[in-house]
Each structure stands twice: as C-alpha cells, then as structure tokens.
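Here is a short report on strands, sheets and helix packing. Look at the structure, then read on.

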Amino acid sequence: MKFILENNLSRIAKWLRFLGHEVRVLKGEVKLGKLAKFEGFVFITTSRRWFDTLEDRGFQVFLVPREDWKLQLCMVIKHFDLEPALRLDLCAYCGHSLERVRKEDFKDRIPPTAYESAYDFTYCHECDALFWKGTHFEGMKRTLRDVLELCYSDPKP
Ligand SMILES: [Zn+2]
C-alpha cells in the first residue's frame, strides 16, 4: 500500500517500510495543496480536525492516537490488514528499493563483528545507506511481535 504520514509519525514510517510499503512523510505543516498530489495514498494523521476535513473531501484518511508509536503501528496493520512480515526490501530512511550486495564490496563500512556474523546485506543507491541482518534483526522481530500483541491479543478480562 501507499501511505503518506504526518511529520510526527516518522517512527511508524520506518516500520511500514520494513513491511514493504511505500511511505512518504510530510515535511512541516499539513496543507491541503500538498496532499492533493498524493493520489492513491492513504493519509495517516493524529489530528481529528485533519481527519474530518480530509474525509469530508473524499481523501482516504486514517486517524491514530497522538502517543505510543507501537499502538499507532498496530492500528494501521490491523485496519488495513497488512501482512506483518519484515520484508526489509525498502530503505528505512528514504523508502527506495534496496539492492542485494556482497559484503566483500563494502568491507570498509561494516564493523568486524557484523562482517563475520551478519547476512543479507542490502544497499540503497538513493541515500547510500547499507543494511544487514544480524543480532538486531531478532530484536526487530520481537518488537514487531510486541506491536501486534497490542491489537490482536484477546481482550483482558
Ligand atoms: Zn535510502
């Protein structure tokens, strides 16, 4: 899916990219003129006022709470029935497609411990970021499980 997010939602922007979705983050204030360009995108906002305004004008818009990024993310995943799998095929910083690369070609940029043990090295040609799966990948999977539990667990008695 394609999402456009308010500036203050950049934390979930990163995670929606991890799940493989196209995400743009609005810089600065929300303005109607800026949003009109993003046809086919769902706008995610924390502002009830913007939610009402945009819904009245026929935009696809979704309201999340102002606090708690884990709850925000969980609500988006549940509402849009997104597959909760870490695809990691888009750059977390800029959203461009990542290319698989050989670690040998980036040896000077990879800490020795990661060079030995990490795998699935990918590179963003747009912003020059390098990614790999290592110990932090297990942490990400745990975090995603925590996020999902917020919305999918049985209601507490
Ligand atoms: Zn990038």
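An open sheet of three strands runs in the order β5-β6-β7, and its pairing is antiparallel. Its edge strands are β5 (99-100) and β7 (130-133), each of which pairs on one side only. Helices (H or I, at least four residues) and strands (E, at least two) are DSSP runs, numbered from the N terminus. Two strands count as paired if DSSP finds at least two bridges between them. β5 and strand β6 (residues 119-123) pair over two bridges in the antiparallel sense. Arg100 has Thr122 in β6 as its bridge partner.

This is a predicted model: local features need pLDDT of at least 70, side-chain atom pairs count only at pLDDT 80 or more, and totals for chains, interfaces and linings use all residues. Residues are numbered from 1 along each chain as its sequence is written.

**Overall layout**

The protein has six helices and seven strands. Along the sequence they follow the pattern β-α-β-α-β-α-β-α-β-α-β-β-α. Taken along the principal axes, the C-alpha atoms fill a box of roughly 55 × 45 × 20 Å.

**The four-stranded sheet**

Four strands form an open sheet with parallel pairing, in the order β2-β1-β3-β4. β2 and β4 (61-63) stand at the edges, each with a single partner strand, so one side of each has no neighbour in the sheet. From one strand to the next, the twist averages 25°. Angles run from 0 to 180 degrees between N-to-C directions, and axes are lines fitted to C-alpha atoms, for helices over the stretch in contact.

Strand β1 (residues 2-5) and strand β2 (residues 22-25) pair in the parallel sense over four bridges. Ile4 stands opposite Arg24 in β2. Leu5 stands opposite Val25 in β2. α1 packs on the sheet and touches β1 and β2; its direction makes about 160° with that of β2. Together, β1, α1 and β2 make a right-handed β-α-β unit. A crossover is right-handed if, with the strands pointing away from the viewer, the path from the first strand over the helix to the second runs clockwise. Helix α3 (residues 48-56) lies across β3 (42-45) and β4, running at about 155° to β4.

**Helix packing**

Two packed helices are described by the angle between their axes and the distance between the axes.

| Helix pair | Axis distance | Angle |
|---|---|---|
| α1 (residues 10-18) and α4 (residues 69-79) | within 9 Å | roughly 45° |
| α4 and α6 (residues 135-152) | 8 Å | about 65° |

α1 and α4 are therefore oblique to each other. α4 is roughly perpendicular to α6. Angles under 35 degrees count as roughly parallel, over 145 as roughly antiparallel, 65 to 115 as roughly perpendicular and the rest as oblique.

The crossing of α1 and α4 is right-handed. α4 also passes α6 in a right-handed crossing. A crossing is left-handed if the near helix is turned anticlockwise from the far one by less than a right angle, and right-handed if clockwise.

On the α1 side, Arg11, Ile12, Trp15 and Leu16 meet Trp69, Gln72, Leu73 and Val76 in α4. Contact means that the C-beta atoms, placed from the backbone, lie within 7 Å. The residues of this contact divide into six nonpolar, one polar and one charged. Here Ala, Val, Leu, Ile, Met, Phe, Trp, Tyr, Cys and Pro count as nonpolar, Asp, Glu, Lys and Arg as charged, and the others, Gly among them, as polar.

Towards α6, Lys70, Leu71, Leu73, Cys74, Met75, Ile77 and Lys78 in α4 meet Asp146, Val147, Leu148, Leu150 and Cys151. This contact of α4 with α6 divides into nine nonpolar, no polar and three charged residues.

How values were computed:
Contact = placed C-beta atoms within 7 Å.
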